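This report goes through selected parts of the structure shown below. Please keep the view open while reading.

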Amino acid sequence: MPVAAWPALAAVAIGAGLAAALLLVHHKAAVLAVLAVGAALLVVAQRTRAGERAAASAAAHPRLVPVAVAACGLGLVMLLREDNFALLMLCTVALQTLAALGLHLQFGYAGVANFAGAAFLGVGAYTAAVLGGHLPSVLVLVTGAGLAALAGLLLALPLLRTRGHYAALITIAFGLLLRTFLEVNDTLGGPQGLKVPGFTLGGLAFNDAIVFDEDTEWSFYVPYAVLALALLGATHVLVRRLERSWIGLALDAVRVDETAAAAFGVNGGAWKIAAFCVGNALCGLAGALLAMVTGFVAPPSFAFGDSLVLVSIVILGGIGNPLGLLPAAFLVVVLPEKLQGLQEYRFLLFAVLVILVLRLRPGGLLPRRLRRWPGLP
Amino acid sequence: MLEVSGLTVRFGGLTALDGLQLRAAAGELLGLIGPNGSGKTTFFNALTGFVPVSGGQVRFDGKDITGAAPRRVAACGIARTFQRLRLLSELSVFDNLMLGLHLDLPHGPWVNLFARRRLAAAVRERAAEARELLAVFSPALAGRLAEPLRALPMIDRRRVEICRALVRAPRLLLLDEPSAGMTPDETAALMDDLHAVKARRPGTAVILIEHDMAVIERVSDRCLVLDYGRRLCEGSFAAVSRDPEVRRAYLGEA
């Protein structure tokens, strides 16, 4: 019997609705109400196994669901087309999720903890600041990703010679070093930072508002949001495919038991480094575009705390399940902006959230499932 | 096929293997026995590159693989199981079996990320092979390919571990105490499995570490007794079990 498409479509619609609501509401009470609805839906989905039905339905309609997601994404952008602030938040959420996808590939699959996500974001961002205007924007993004991967390669040797906590410490040290370097380096603007030229594509400058006539004017964040969501969508599909392939299996084997993996010929070191580089490239890509969106880079945006934000997105979302990253990023990025007064205490909030998740739902908001192989039922 | 001469492994002042001599021929099942701490598992670990070799030589099919890294040993066609199961318990049975096939699988980005139809066809083919292999051990297990490994009972986990070592059709199979932690019934079933292994891969040499003498008696072609890292004696199980040296080592007689 064919599996119906509606559970998956309903899940997509509910997700988009919650996202829109969270971005649109302003009152504290309304924000909390949206959160409560979201939490209630999560509990209901778990109790009634609706989540599993939606997942099965999504698996049965591999073409329809991505189209629905894209439509919802575009719809969300159109809904917010005149709201600068909401669109900026949407861009930030999408790009933080993109960076978190990188971390998730490193930590969730290969088991390499990276506490320097913001540093690699920074490599991409400063690349955009230095090269922007000199190279076509698309090339700037690619270079930002490439340089972030290269910077990560510096850590390859120390990472291979350490394990667990010690490897994590190395990434922390790298993040602190990079930030200090940015602060004292005058050609990179020192503590004041640098301006970043906007994204241009075939004569379309993304930083100009889109004016139709006197009454209709779309925010200049509209094309950025579309681009960020498109990049996120494409990367998500690739990461999903990677997981459901021989590569994903090799990475899992390295994470779960490197000794057993080695006994069957898996080169654990090479796989870890490959995952680390690809993950950092995604951070660099996100950083480069984020810098173009905000138009400005400075060292404080790439501090250790920002790396921790990325890590908490991965833990909240569900280690090993890329789908959970988006709702987690929404919570982590949007909540402090919406609940004024919380901004100062945001790290406290994340800490409490992470502890609650680890205590009550160790698999994260959307825990990982067994690998669904292509070709197998 | 496998020729080990003078193999020595020292951990600091402790000599775990002391000039071990050992040969295994194609198609042979060699039982490796000896008291706890006599160096059986150390021999496996030294052979497969998990502990450094202090002296001696290991030749496999004429190639010197002394102290080779685990990856190179695996590439030569040597597969092993572990005394304490080392399965990927959070992954599926199929995933675990496919780890055994790692060296034969394509890992290029194109095949894995973009040629999804080809990948799906390959996965289907591998799954059919895996089912067939599992069915040799247990038809019920073959139907549980997609289940998480941790859902399986102990005996089936052992079977999966042995199958993982067998999927790539190794030339030498090292089994490290497969009956550990099993009930007598399960051990009996496992002995049938070992016969099935021999029947299915007649050219594969098997070295079996085992404490259960009934298992050794039933399945081994030849036995080698280790004591304090040295070969104590070698021969058929009947001959070895009568040997006074062996009795002294096992029972501690003066």
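## The interface between the chains

Buried area is the accessible area, taken with a 1.4 Å probe, that two parts lose on being put together, summed over both. The model discussed here is predicted. In it, about 3200 Å² is buried between chain A and chain B, and carbon and sulfur atoms account for 71% of that area.

The contact involves 31 residues of chain A and 40 residues of chain B. On the side of chain A, 27% of the area buried against chain B comes from Trp246(A), Phe264(A) and Leu370(A), more than from any other three residues.

## Helix H6 of chain A

Helix H6 of chain A covers residues 117–131 and has 15 residues. From its first C-alpha to its last, H6(A) reaches 21 Å, close to the 21 Å expected at 1.5 Å a residue. H6(A) is mostly covered, with 13 of its 15 residues buried. After the helix comes Gly133(A), which has a positive phi, near 90 degrees.

## Two partners of H6 in chain A

Two packed helices are described by the angle between their axes and the distance between the axes. For H6(A) and helix H14 (residues 304–317) of chain A, the angle is about 110 degrees and the axes are 6 Å apart. Angles of 65 to 115 degrees count as roughly perpendicular, so H6(A) is roughly perpendicular to H14(A). H6(A) contributes Gly117(A), Ala118(A) and Ala119(A) to this contact, and H14(A) contributes Asp306(A), Ser307(A) and Leu310(A). By class, the residues of the contact are three nonpolar, two polar and one charged.

H6(A) also packs with helix H9 (residues 164–184) of chain A, where the axes come within 9 Å and cross at roughly 35 degrees. Here Ala119(A), Phe120(A), Val123(A) and Tyr126(A) of H6(A) meet Phe174(A), Gly175(A), Leu178(A) and Leu182(A) of H9(A). Seven residues of this contact are nonpolar, one is polar and none is charged.

## A helix pair in chain B

In chain B, helix H5 (residues 116–137) packs with helix H8 (residues 184–200) at an angle of about 130 degrees, and their axes are 8 Å apart. How does this angle class the pair, as oblique or as roughly perpendicular? It makes H5(B) oblique to H8(B).

From H5(B), the contact takes in Glu132(B), Leu133(B), Val136(B) and Phe137(B), and from H8(B) it takes in Asp193(B), Ala196(B), Val197(B) and Arg200(B). These residues divide into five nonpolar and three charged, with no polar residue.

Definitions and conventions: Residues are numbered from 1 along each chain as its sequence is written. Chains are lettered from A and ligands numbered from 1 in the order in which they are written. This is a predicted model: local features need pLDDT of at least 70, side-chain atom pairs count only at pLDDT 80 or more; totals for chains, interfaces and linings use all residues. Side-chain values use heavy atoms; hydrogens and water are left out. Helices (H or I, at least four residues) and strands (E, at least two) are DSSP runs, numbered from the N terminus. The expected span of a helix is 1.5 Å times one less than its number of residues. Buried means under 20% relative accessible area, exposed over 50%, partly exposed in between (1.4 Å probe, protein chains only). Axes are lines fitted to C-alpha atoms, for helices over the stretch in contact, and angles run from 0 to 180 degrees between N-to-C directions. Angles under 35 degrees count as roughly parallel, over 145 as roughly antiparallel, 65 to 115 as roughly perpendicular and the rest as oblique. Contact means heavy atoms within 4.5 Å. Ala, Val, Leu, Ile, Met, Phe, Trp, Tyr, Cys and Pro count as nonpolar, Asp, Glu, Lys and Arg as charged, and the others, Gly among them, as polar.
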